[in-house]
Amino acid sequence: MNLIGTLPLVLDVKTLFFIINKGLQGNVCGQEFLDIILMAAAFDQKVVVLFEGDGVNALLKNQQPECLNLKNMMPVLDTLPVYDINDVIVEKESMEVYGLTENELAIKAAVVSRSDIKKRLRSADHLFGF
Amino acid sequence: MKISIQINASPYQHQAADTAWHFIQAALEAGHEVYRVFFYHDGIFNACRDSRPPGDERDIVKRWSALQSEKGVDLVVCVSSAQRRGLLEKSVAKKVGGYIHAVADGFRIAGLGLLMESVIESDRHLTFGA
């Protein structure tokens with residue numbers, strides 16, 4: 001892990017969109033995806049996290065994945081502001097599909113319509129999914 | 001153009017490793033630079049030294065090793081993805097009494113920092129198996 005040796009002195013800042021479109025439980029990919037998000041923030045990149053589709057359910061309050069012997073990802077989502085990740089958006093249409101309201105969300109996130117998200121995606125240098 | 005690759009799926013069960021490999025061949029032939037191939041999630045199984053497919057089938061692991069030895073492409077396996085799935089780097093394996101020859105030739109084990117570095121350094125970052 002020769003990280004220091006390979007890093008350039010000045011890093012570019014890119015806009016990285018991370019799209020969470022499935023639940024964070026069930027397999028470990030969601031958890032590993034969050035690790036990439038935190039790493040991007042640690043590298044001082046401009047990070048946007050988007051919840052859409054099935055992924056909006058990851059934001060629901062009072063989840064108890066421990067019952068199924070699964071890791072609770074809420075502490076990681078709670079950590080996002082600590083990493084200066086404040087650009088968290090949820091797709092309005094997806095919330096409607098699952099009947100979610102804004103006050104059921106466990107973390108602070110901006111509810112944005114699909115058409116506005118499309119516009120925002122154009123500003124991204126890279127899109128990540130899992 | 002500088003291109004970095006991320007492979008998220010295991011070989012043989014998914015097309016990701018095949019498509020990525022062919023993409024890399026074409027990219028190199030067209031004069032592009034492949035900055036790094038980063039193996040994440042179940043993609044780490046692309047680095048299993050003891051993979052032994054039948055003789056009349058493509059050997060995906062050997063094909064990656066050859067890409068490194070012949071073209072000098074940097075092959076990096078995520079340390080946390082690999083440890084979770086039982087693919088240990090030699091020094092770690094020695095320490096915990098694990099199998100020390102797990103990782104095939106040409107691959108190196110490193111952290112997510114190297115993924116982020118290649119994302120920042122490259123003009124394009126392509127994910128296969130998302």
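Tutor: Two strands pair if DSSP finds at least two bridges between them. Helices (H or I, at least four residues) and strands (E, at least two) are DSSP runs, numbered from the N terminus. The model is predicted: local features need pLDDT of at least 70, side-chain atom pairs count only at pLDDT 80 or more, and totals for chains, interfaces and linings use all residues. Residues are numbered from 1 along each chain as its sequence is written, while chains are lettered from A and ligands numbered from 1 in the order in which they are written.

Student: Start with chain B. What is the strand order of its open sheet?

Tutor: The sheet has five strands, with parallel pairing. Its edge strands are β4 (107-110) and β5 of chain B, each of which pairs on one side only. Neighbouring strands are turned by 25 degrees against each other on average, direction ignored. The order is β4-β3-β2-β1-β5.

Student: Which residue of β3(B) is the bridge partner of Phe39(B)?

Tutor: Strand β2 (33-39) of chain B is joined by three bridges to β3 (75-78), and the two run parallel. Phe38(B) bridges to Val76(B) in β3(B). For Phe39(B), the partner in β3(B) is Val77(B).

Student: Why is β2(B) described as largely enclosed by the rest of the structure?

Tutor: Count its buried residues, where buried takes 20 or more other C-beta atoms within 10 Å of a residue's own, 12 or fewer is exposed, in between is partly exposed, and C-beta atoms are placed from the backbone. β2(B) is largely enclosed because the buried residues number six of the seven.

Student: Which handedness do the β-α-β units around β2(B) have?

Tutor: View each with the strands pointing away; a clockwise path from the first strand over the helix to the second is a right-handed crossover. One unit is made by β1(B), helix α1 (16-29) and β2(B). β2(B), helix α2 (60-71) and β3(B) make another. Both are right-handed.

Student: Now chain A. Which strands are at the edges of its open sheet?

Tutor: Five strands form this sheet, and the pairing is parallel. The order is β4-β3-β2-β1-β5. Pairing on one side only marks the edges, β4 (110-112) and β5 (126-128) of chain A.

Student: On to the interface. Which element supplies the largest share of the side of chain B that touches chain A?

Tutor: Contact means C-beta atoms, placed from the backbone, within 7 Å. By that rule 19 residues of chain B meet 19 residues of chain A. α3 (79-84), α5 (112-121) and β5 (124-128) of chain B each supply at least two residues of this side. The largest share, eight residues, comes from α5(B).

Student: At what angle do α2(A) and α5(B) pack?

Tutor: Axes are lines fitted to C-alpha atoms, for helices over the stretch in contact, and angles run from 0 to 180 degrees between N-to-C directions. α2 of chain A spans residues 29-42. Its axis and that of α5(B) are 10 Å apart. The angle is about 65 degrees.

Student: Which residues of α5(B) make that contact?

Tutor: From α2(A) come Asp35(A), Ile36(A), Met39(A) and Ala40(A). From α5(B) come Leu112(B), Gly113(B), Leu115(B) and Met116(B).

Definitions and conventions
Two residues are in contact if their C-beta atoms, placed from the backbone, lie within 7 Å.
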